[in-house]
Structures are given as structure tokens and as C-alpha cells.
Amino acid sequence: GLPGNTAIEMELRDLLDRGQDFALLYMDLDNFKAYNDTYSYRAGDRVIQFTADLLERLFNNHGSRGDFIGHIGGDDFVAITTLEKADAVCNAFVAAFDATILDHYDPEDRARGYVEVENRRYQLERFPLVSVTVALVETDRYSIDHIAKLNDVVAELKKRGKQIPGSVIVRDQRAGAAPLPRTGSDG
């Protein structure tokens with residue numbers, strides 16, 4: 001029930017056109033295919049709905065008026081909030097996700113901490129339980145004037161986050177990504 005790609009792109013274009021700083025959270029579920037293969041696509045759909053519901057609830061509690069939540073498709077979500085609320089929303093989401101995703105597993109898999117799925121060579125392979133990678137892009141750190149540039153930053157952060165086991169929030173820490181100086185009448 002969340003807005004999709006067209007609405008997400010329109011929201012981002014509007015913010016970029018207005019030159020308004022914001023925080024973009026790109027959330028991707030890790031090990032989701034293994035979950036689907038183990039528990040069924042129907043169970044996977046319930047995890048997707050759970051994630052959407054959790055995002056809506058947490059943004060209502062920790063976000064700002066005018067925040068935006070969207071579903072890109074599959075196990076990918078985006079949210080847009082203010083720079084001031086980004087850390088609180090990210091931390092609350094990851095903590096709540098990790099605390100409640102276990103409810104979607106059988107007790108045996110929860111206790112083991114992984115699921116076993118047959119790979120293409122018909123051998124059992126172990127996969128960790130579903131976690132979430134959050135790529136956090138704060139536009140005051142970059143000169144971003146086009147969605148493609150925003151997508152490049154997200155892709156880089158997401159790739160880095162996927163290499164870290166478990167749920168993680170990844171933001172750019174390079175020196176060149178320091179907050180840009182504000183311009184205004186105060187000098």
C-alpha cells in the first residue's frame with residue numbers, strides 16, 4: 001500500500017528542484033531470497049508487509065511531518081525525512097526490525113540463527129536470518145542536483161553495507177562528504 005517508483009521519483013525531484021536538504025534512507029532486506037525459498041513467497045509477502053507497517057509506525061513516532069515512505073519493489077524501501085530526524089528514525093527502525101523479524105521464523109531456525117537452503121548444485125547452504133541494510137544519504141553532504149547522482153551514492157553505500165553481516169546503517173564518512181557550508185544572510 002505504499003507509494004511506488006513514480007511517486008518516489010516525483011517526491012525526490014520536487015525536493016531537489018526546491019534545493020531542500022533531506023535525508024534519504026534506502027532500506028534493503030538481506031538474505032530475503034533464502035527466507036522465501038525456505039518459508040514460501042506467501043510468507044515473504046508477510047515480511048514485506050511487516051516491514052512496510054513497521055516503517056509507517058516508526059515514522060509516525062520518530063519522524064517529521066511531511067516525511068515520505070515508499071516501496072521500490074521486492075524487498076527494497078525508501079524513506080525521506082529531515083536531516084535532524086534521520087538518526088532517530090534509522091536507529092529505531094533497525095532496532096525494531098531486528099527485535100521483531102525473528103517472529104517470522106520457526107523456533108528451530110531462530111535458535112540456530114540461520115536457514116538451510118538447497119543451492120543450484122542441490123547442496124544445502126546456510127544463510128543468516130533476514131537483516132536490513134540502510135543506506136543513509138544526507139543531501140547537505142553532497143552537491144546533488146539530479147536523481148541519478150543520488151542513486152549513485154545510494155548504490156555505493158548499499159554495496160558497502162551488504163558486505164557487513166547483520167543489520168547495519170551505512171552513511172558516507174569520506175572527508176569529501178562533510179556537510180556543505182550553509183549560505184544565507186547571516187554571513
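I began with Ser40, which lies in the loop between helix 2 and helix 3 (41–62). The model is predicted, and I read each entry below with that in mind. Ser40 is not a glycine, yet I found a positive phi of about 105° for this residue. I then looked up its accessibility: Ser40 has a relative accessible area of 33% and is partly exposed, because that value falls between the limits of 20% and 50%.

I turned to Asn31, another residue that is not a glycine but has a positive phi, here about 65°. I located Asn31 in the loop between strand 1 and helix 2 (32–39).

I noted an open sheet of five strands in the order 2-3-1-6-7, with mixed pairing. Strand 2 (68–73) and strand 7 (168–171) are the edge strands, each pairing on one side only. On average, neighbouring strands of this sheet are turned by 20° against each other, direction ignored.

I went through several pairings in turn.

- Strand 2 and strand 3 run antiparallel and are joined by five bridges; I noted Asp76 in strand 3 as the bridge partner of Gly73.
- These two strands form a hairpin with two residues between them, and Gly74 in the turn has a positive phi of about 55°.
- Strand 1 pairs with strand 3 in the antiparallel sense over six bridges; Leu25 has Ala79 in strand 3 as its bridge partner.
- Strand 1 (residues 23–30) and strand 6 (residues 131–138) also run antiparallel, with eight bridges joining them; here I recorded Val132 in strand 6 as the bridge partner of Leu29.

I then asked how many residues of strand 3 are buried. I found six of its six residues buried, and the strand is mostly covered. In a regular strand the side chains alternate between the two faces of the sheet. In strand 3, Asp76, Val78 and Ile80 point one way, while Phe77, Ala79 and Thr81 point the other way, and all are buried. I also recorded that helix 1 (residues 5–18) lies across strand 1, strand 2 and strand 3 (76–81), and that helix 1 runs at about 135° to strand 2.

My last entry concerns Ser131, which lies in strand 6. Ser131 has a relative accessible area of 6% and is therefore buried. Leaving out residues up to four places away in sequence, I listed its contacts as Asp28, Leu29, Asp30, Asn31, Phe97, Gly166 and Ser167.

Key
Residues are numbered from 1 along each chain as its sequence is written. This is a predicted model: local features need pLDDT of at least 70, side-chain atom pairs count only at pLDDT 80 or more; totals for chains, interfaces and linings use all residues. Side-chain values use heavy atoms; hydrogens and water are left out. Two strands pair if DSSP finds at least two bridges between them. Helices (H or I, at least four residues) and strands (E, at least two) are DSSP runs, numbered from the N terminus. Axes are lines fitted to C-alpha atoms, for helices over the stretch in contact, and angles run from 0 to 180 degrees between N-to-C directions. Contact means heavy atoms within 4.5 Å. Buried means under 20% relative accessible area, exposed over 50%, partly exposed in between (1.4 Å probe, protein chains only).
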